Amino acid sequence: MISESAEEALEKIWVFQEDHPDNPLSPEIKSFNPQVIKELEDLKFIQKEEGEFKLTSEGMEEAKNVIRRHRLAEKLLHDILGLSGEDMETAACNFEHIMEGGVEESICNLLSHPDKCPHGKPIPPCECRTQGGHGHGHHQCDCTAGVKTIIDKTVLPLNKMDKGEKGEIVYIKSSKRDNLQKILAMGVLPGRKIEIIQTYPSYVFQMEHTQMAVDEDIAESIYVGSGSN
């Protein structure tokens, strides 16, 4: 299990090498905490070459995955939640560390498999597009296998669901910045499965091992798909 600090270090290395393609040895590494360097070495993500560190093939793959999650998070926050600037960056840094495989796939599908982040930088494609898959935007991505698609669902705001109903968060929509910040702080993301525990006096839902309570104003901002499996 890689730490958040090590993931952020890999992200910095990737960005440096993206901006300096002719220099595989990133000077960024020298500024890292020694514990982070040791963790990356132990995981065999970096190795010394002529006294300098460079990414191994395994490290390059892990860095690509970290960058993909971060830039997908930026795209989600920008396109769906309307965030930008420092607000978007701060939230994206938090989101990238909690995007499990199923959540990442759902966000990718929701955003129609974007090629670029809001800054115009490339988003590394998912595996189905790099392993003999299809071109961008021409076919539905196979990475949604096992994940409910929006078309297959009856999508309702959480405040319209009944006690005992289960579903999967499809998207979040609110014009109120405070509501969006509260939702983000709870880690509520597309692709996460929930169950409605209570609808009055507040809306209580179970998400993984945690129960959360929200008022109606927040509940109507969270859209849940409750269609067939």
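Q: Which residues touch the most other members of the largest nonpolar core?
A: In this predicted model, Leu 77, Leu 158, Val 188, Ile 194, Phe 205 and Ile 222 touch the most other members of that core, which has 38 residues. A nonpolar core here is a set of buried Ala, Val, Leu, Ile, Met, Phe, Trp, Tyr and Cys residues joined through side-chain atoms within 4.5 Å, with buried meaning under 20% relative accessible area for a 1.4 Å probe and protein chains only.

Q: And what is Val 188 in contact with?
A: Leaving aside neighbours within four places in sequence, Val 188 is in contact (heavy atoms within 4.5 Å) with Ile 169, Ile 172, Ile 183, Phe 205, Met 207, Met 212 and Ile 222. Another core, of 17 residues, lies apart from the largest one and includes Leu 40 and Phe 53.

Q: Switching to the sheet, what is the strand order?
A: The order is E3-E8-E4-E5-E6-E7, an open sheet of 6 strands with antiparallel pairing, where strands are DSSP runs (E, at least two residues) numbered from the N terminus and two of them pair if DSSP finds at least two bridges between them. Strands E3 (155-157) and E7 (210-214) each have a single partner strand, so one side of each is left without a neighbour in the sheet.

Q: How many bridges join E4 and E5?
A: Strands E4 (residues 166-172) and E5 (residues 193-198) pair over 3 bridges, and Lys 193 in E5 is the bridge partner of Glu 168.

Q: What about numbering and cut-offs?
A: Residues are numbered from 1 along each chain as its sequence is written. Local features need pLDDT of at least 70 and side-chain atom pairs count only at pLDDT 80 or more, while totals for chains, interfaces and linings use all residues, and side-chain values use heavy atoms, leaving out hydrogens and water.

Terms used:
Helices (H or I, at least four residues) and strands (E, at least two) are DSSP runs, numbered from the N terminus. Buried means under 20% relative accessible area, exposed over 50%, partly exposed in between (1.4 Å probe, protein chains only).
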